Amino acid sequence: MKIVSWNVRRIGSGRKRGVIKENLLKMRPYFVVLQETKKEILEERLVGSLWKARNRSWVALPAEGRSGGIIIIWDVRGVRVRNSLVGRFSMSIEVEEGDGSWWFTGVYGPNDYRERNEFWEELYGLHTICGPKWCLGGDFNVVRFCHEKYPLGRRTRSVRQFDELIRELELKDLALQNTSFTWSNFRETPVKCRLDRFLFTEEWGAGKNDIRQETGSRTCSDHMPLILDTSPVSWGPTPFRLENMWLGHSSFRQECEKWWRVIEVEGWESYKIMEKLRVLKEYIKVWNKEIFGDTRIIKKEVVDKIDEIDKKEGNRQLGDGERELRVRLRNQLEEITFKEMVAWRQKMKFRWIKEWDYNSAMFHRMVSYWRNKNVINRIIREDELVLTDQREIVNEIVPFYENLYKETSTGWWDFEEITWGSISAERAEWLERPFEEEEIKKAVFGCDREKSPGPDGFTGGFFQDCWDFLKDDIVKVLEEFYFNGKVCGNMNHTFLCLIPKKLDAQKVKDFGQLVLYQVYTRS
């Protein structure tokens, strides 16, 4: 589970919301709490420009005039909220977990020290209401220790009270993994503080392995986004998928032919073609980055440069040139994000209008819908225990299908008493004849260009457009299979797709199995 807290310093600008949304897409949190929205009224359309999920829900604490404001947004398919509480300095939600629940509180502490007593009282009261399983995070607007401020500050009454509150409520306060401060005033002689943090009770953290608290890139605010990750596990590398838009580029076919002819592999014909396709993928990945990935590369370089300047600021005073460079880089990042959004919208709108007479909004809604639909965020075990951790979900699903497809008997079906229909001698002779190039070509070009690719990642459109230089190798594979009965094992790789058999599928047995494999037939 991943939770993000971020003081965004207003959300009125459309371009700024675009940068916020892009950062949240990369971080992929279960839910996010944003402080200082500076919005007295929040509308669904505005929230949609901040959060990707179609099935979202949210609660908010309105701003007082042009200051303050908190919003918590979550995806209802991964997070189920029972209740919510609104305070003066906080917004809380009760999240379902198995047969019980836990509370999360997003906070935005007051700047005025005269209001902090009321803030402490609110937090003490929330501890009583929320019970033993409680997590809170946000901008507390106060440090806990003197070394959390630069230049080094003195131990004020507010600092002492904040430390006492954490100790008395027995809250866990993890160290930041990748920086010392979360806020800077960006001045010539900067003031830097750790104003943002997550705190949680021991009961909330029980059973959660490797809880990490770290910051993201400070791209559009003087605060860094803060990330609390209780399961930093990756599902693994994304499989290669050939995009049919590459086929429309003027250099793609020529480059592929050049690469294909220089790749040399020894072995069976079926092994050779599968190995050549594997090597070809690496060439295509590099080509894609050079041709289609310029914007992403530039954007990453800009973000890395911003991070580098922020790290320097943590150790020394920045010069005038470095501060001016950071301002330019942040403006450049907003421009890149805006141009990328406009270009993508125009490109997809053009395609849908010409081919299917739909608009870009419809396309993006459908893409978001299917992406979210294809993610399994929670599984309920047979003993009704709810699993939300990625490791636990994997450990529940994999053994289930290993046992399901395990051979339990050494015997084979007996077909001796079955009467089979027979075909004519002419038909049998036709089926057993050697493969012909024209027959193979007809089968290849009979595939839909846009259909899902096989496990190798290449679409039908690729084999059709590149048939001129692929045909010799494909024909050799089928000839070898015909005369020697040899086929490479890689050609029989199988993907097991889980398809929900009912709405709101929650248990492993609620998913049907769609087996994606490559099969070669003659009819």
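A residue here is called buried when its relative accessible area is under 20%, exposed when over 50%, and partly exposed in between, using a 1.4 Å probe and protein chains only. Tyr405, at 46% relative accessibility, is therefore partly exposed.

This is a predicted model, in which local features need pLDDT of at least 70 and side-chain atom pairs count only at pLDDT 80 or more, while totals for chains, interfaces and linings use all residues. Residues are numbered from 1 along each chain as its sequence is written, and side-chain values use heavy atoms, with hydrogens and water left out.

**A surface patch**

Let's stay with Tyr405, which sits in the loop between α12 (390-404) and α13 (425-431). Helices (H or I, at least four residues) and strands (E, at least two) are DSSP runs, numbered from the N terminus. Together with Phe400, Leu404 and Leu496, Tyr405 makes up a nonpolar surface patch with about 360 Å² of accessible area. Such patches take residues with over 30% relative accessible area and no salt bridge, joining nonpolar side chains (Val, Leu, Ile, Met, Phe, Trp, Tyr) within 5 Å and like charges within 9 Å. The areas come from the Shrake-Rupley method with a 1.4 Å probe, and for residues only the protein chains shown count as cover.

**Salt bridges**

The structure holds 44 salt bridges, each a side-chain nitrogen of Lys or Arg within 4 Å of a carboxyl oxygen of Asp or Glu. Here are three of them.

| Pair | Closest N and O atoms |
|---|---|
| Asp163 and Arg144 | 2.7 Å |
| Asp310 and Arg218 | 2.7 Å |
| Glu255 and Lys258 | 3.0 Å |

Asp163 belongs to helix α4 (residues 157-168) and Arg144 to the loop between β8 (134-139) and β9, so this pair links distant parts of the chain, 19 residues apart. Asp163 is buried at 5% relative accessible area, and Arg144 is buried at 9%.

Asp310 and Arg218 are both buried as well. Because Asp310 lies in helix α9 (residues 294-315) and Arg218 in the loop between β13 (212-215) and β14 (226-229), their bridge ties together parts 92 residues apart in sequence.

Glu255 and Lys258 share helix α7 (residues 252-262), 3 residues apart, about one turn of the helix. Glu255 is partly exposed at 23%, and Lys258 is partly exposed at 46%.

Three strands form an open antiparallel sheet in the order β9-β11-β10. Strands pair if DSSP finds at least two bridges between them. The edge strands β9 (149-150) and β10 (183-184) each have a single partner, so one side of each lacks a neighbour in the sheet. Lys149 stands opposite Cys193 in β11.
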